[in-house]
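Subject: Structure handover

Hello,

Here is the structure I promised to pass on. Please open it first, then read my notes below.

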Amino acid sequence: MNMIEALTAARPGSGKTRAAAPARRRLLDQDWRRLACAGAVLAVGQVFIALTGMPVTFDRRLLIDPILSLGYLALLWLPPVVGNWVGREQVLEGMAAYAKGGRDVVAGAMAGLLGNLGLTLLVLGITHFDVRDPLVHWSPQLLGILEFDQSVWLGALVWPAIGAATGALGGAMHWMGDKTARTMVLALSTVFAAAVLESVIVDLSQGFHIEAVSDWLYGPQRGLTLAATAVIVAVAVAASAGFSWARAASGRTAPQASAQPDAAGAGSLPAQTAWRRIPARKLLGWAFAPAAIIVLPLFLGRLTNELLANVGLFILLALGLNIIVGLAGILDLGYVAFFAVGGYSVAVLTSPGSPRFDPEIPWFGALFAAMLLAGLAGLLIGAPVIRMRGDYLAVVTLGFGEIIRILLLSDWLSGTFNGAQGITNIPGVEVFGLATVRGFEPRSVLYLVLFFCAIAIYVSWRLENSRIGRAWMAVREDESVAEAMGVDTVSAKIMAFVTGAVLGSFSGAILSAKVGSVFPHSFAIIVSIVILVVVIFGGMGNIAGVVAGAVVLIGVLGGPNQPGLLQEFAEYKILIYGALLVWMMLQRPEGLIPSARRARELQANDVNQDAWLRAQPAGRATDDAGGTSDRGRP
Amino acid sequence: MSARPMLEIAGLHVEFGGLHALNKLDFTVEEGEIVAVIGPNGAGKTTFFNVISGMVEPTGGTLAFEGQSLLGLDPNKITARGIARTFQNVRLFNNMTVLENVMVSQHCRTRQRVFDALLQTRRFRTEEALVRDRGKEVLGFFGTRLTGYRFDQPASVLSYANRRRLEIARAMATDPKLILLDEPVAGMNPVESAELTQLIGKLRDEMGYTIVLIEHDMSVVRNISDRVVVLDHGEAIARGTYAEVSANPQVIEAYLGQTTDRN
């Protein structure tokens, strides 16, 4: 009934009034089922977060000096998200949308209130029952946080109130209009970023000798000061306003530009002038970006350099796996094997601590050997699995990944690899007598990593646009058709394994020299999984996507054995990885940066089609305008 | 006049777990011919193509192309020998561009190595240019439908008829002598199908390809085929010109079922 009423209210009778303001619903005209569902999801989510122990673990970490810790934030972020989701509506074409208003605020508030009742129940539950045996975090510390170190009843009552308030805020984002909502989100996320990235910002400001800034931003016990928070919010709001003003200004000038007469006829399409402008900007970017990347590490502190070096190691790994998974479409779950081969080859050949191979050779020589051995490993692993497809192949590669680790760990080969004790005392890298790369100088490691990343990017880029790259893509698309079209799929797949293996061995070789020791447990299966997640998260088959994925995941969250920016999250890294992956698969399965080439093609299609149509002689253009029109011809 | 036919098939036998998909099939194709293979659904027509292109291993019989046996060869080796095919259910490389689709199928005609691509050698650059030009040339065979802005579109955005055309172009790009077309006009409207029929004729007359096609559309078969072979239950039940075959009572029976007044 509601639906019909609303529809008739939205379009009362004649078509003339269609432009009238959309209907507004009463405050309590709610979709109760959806509300209850959202409340239940929120309740489960909040209790889950509380019981994972995040609030307790993160409570030590202040974000805004006296008032907000990361622990409380863990419980505060979900209600506004759910409150916003409740108010979200799919607007179908041809149907009138409802006006956003107080109803959405009420919906958000109610969802938040309902959901946080879960925390109330948790507070009461912890005070009356003890199930600490299975649930480790069902603890007095959690209770203390949930009741704000006051009384049980205060906690039980305040959480629903907080839920209602923050949920209402989330719902109100529909009401306040896009611009205001964007500004708010920008301000909040800037504050969050500034607070969470404290260690890096301090490190950076030391590198640039502007310690005054970080001293002013952050209080003595870490966390932003209140004044700094206010200033950051103000700056974010101003920036957002300035940005939208600039956009409005450029929007005003654009029609003037296109109003100029099409003097050169069909040649001077607005689209073409726009295309022509891009190369200059791109050229500048091409010149500037490498220069910045080369100069920047000089200004970065130890911590940031170390972090970026770790990111670089994973960029190398992810680029290698991207060739196997992203280009050739072979799901390899044992990629860590090549990482291990690279690492151990260098360790055995260069370290005086290795049980065998006494004449130690310099790192670059060892790298060459590592490349050969990794290529051989790629061949050995690739050859037996190459005839398999899909799931079977994935399972077998998984097995090979573990086999390598267990061989390294085994007593049988402990004469060479030293078993569980691993190989220590691996020297640094002597760069032709010019410099030495050592683990305790992160900057030198970063430069080494950057050099190899550049090689890997170049290799990926060149191979993608070549005969073998096209063969890989064809195998990915449809293996049997590729074979019927004359592609030697067996050698193409083995080539993918070998290339990926060599790139992965670079990373292992650098890791050995960086850390100075290798152990079998550094090459556990989780490393394979994390690399795969980086590739999928970033955007399979796309170099920029893979790099972005490594920067975001490894840089921010950290690798399997490497700390990231958010060291606080270390315990929950894998949980967050999993959640991110699920969210990504649901919302954006093509990855963070989908294959840019195709995205551009899809967007540019209309522009190109118009340009092409105008360039055709009139008769041909109408005759053969393309697939859609020739189907309809009489 | 070559002494032997281009494609020579004798006693070809394919069995799928007791089911005789093809049974003692004899079949020859002379150079420059257009041969149509027709027959009711399940007659074994596509299996026949799969055997020729190496995707299905025959259980018996011989299969020779230009006097050399094709038995035991991988599909890509058979393509390299000069046999290309299209698929009944269009199977393009959907996420690759139109041009890439016809570039990748020149794989077996090109020789560049990985290091050529890495070092951007002269050999790499000239060969890439050649492959690209050849791809554009092949696409140009279909007028302007697959050219211009379409070069860089992913194959998945093409219309159905254009996808069928691209499949033919992809087969042409492998530089074959013999093209196997599996229902080239299926799903096209009469205008499109008449136009494609004409193009298939041009493929033979201007490009010099020999063509074997499976087709259900009898107007196409009538218009372009030199010879017709009718398959039913894996056996060739009739062969000859379209006129001969269409008057053959066995063929009529295979298509329409046994008439009741026959004894």
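The notes below cover confidence, the domains of chain A and a sheet in chain B.

**Confidence**

Please keep in mind that this is a predicted model. Chain A has a mean pLDDT of 81, and 85% of its residues reach 70 or more. Where pLDDT is low, the predicted coordinates should not be read in detail.

**Domains of chain A**

Chain A is divided in two. Domain 1 takes in 25-89 + 97-175, and domain 2 covers 292-596. Their C-alpha centres lie 41 Å apart. Where do they touch? Six residues of domain 1 of chain A are in contact with four residues of domain 2 of chain A. On the domain 1 side, helix α3 (residues 54-58) of chain A gives the most, with three residues. That side of domain 1 divides into three nonpolar residues, two polar and one charged.

**The sheet in chain B**

Chain B holds an open sheet of six strands. The order is β6-β7-β8-β3-β9-β10, and the pairing is mixed. Which strands stand at the edges of this sheet? They are β6 (83-85) and β10 of chain B. Each has a single partner strand, so one side of each is left without a neighbour in the sheet. Neighbouring strands are turned by 20 degrees against each other on average, direction ignored.

β9(B) and β10(B) form a hairpin with two residues between the strands. In this hairpin, B:H233 takes a positive phi near 50 degrees. Helix α10 (residues 249-256) of chain B lies across both β9 and β10 of chain B. The helix runs at about 130 degrees to β10(B).

Best wishes

Terms used: Residues numbered from 1 in each chain as written. Chains lettered and ligands numbered in written order. Predicted model: local features only at pLDDT ≥ 70, side-chain atom pairs only at ≥ 80, totals over all residues. Pairing = 2+ DSSP bridges. Helix = DSSP H or I, 4+ residues; strand = E, 2+ residues; numbered from the N terminus. pLDDT = per-residue confidence, 0-100. Axes fitted to C-alpha atoms, helices over the stretch in contact; angles between N-to-C directions. Contact = placed C-beta atoms within 7 Å. Domains from an automatic or database assignment. Nonpolar A, V, L, I, M, F, W, Y, C, P; charged D, E, K, R; others polar.
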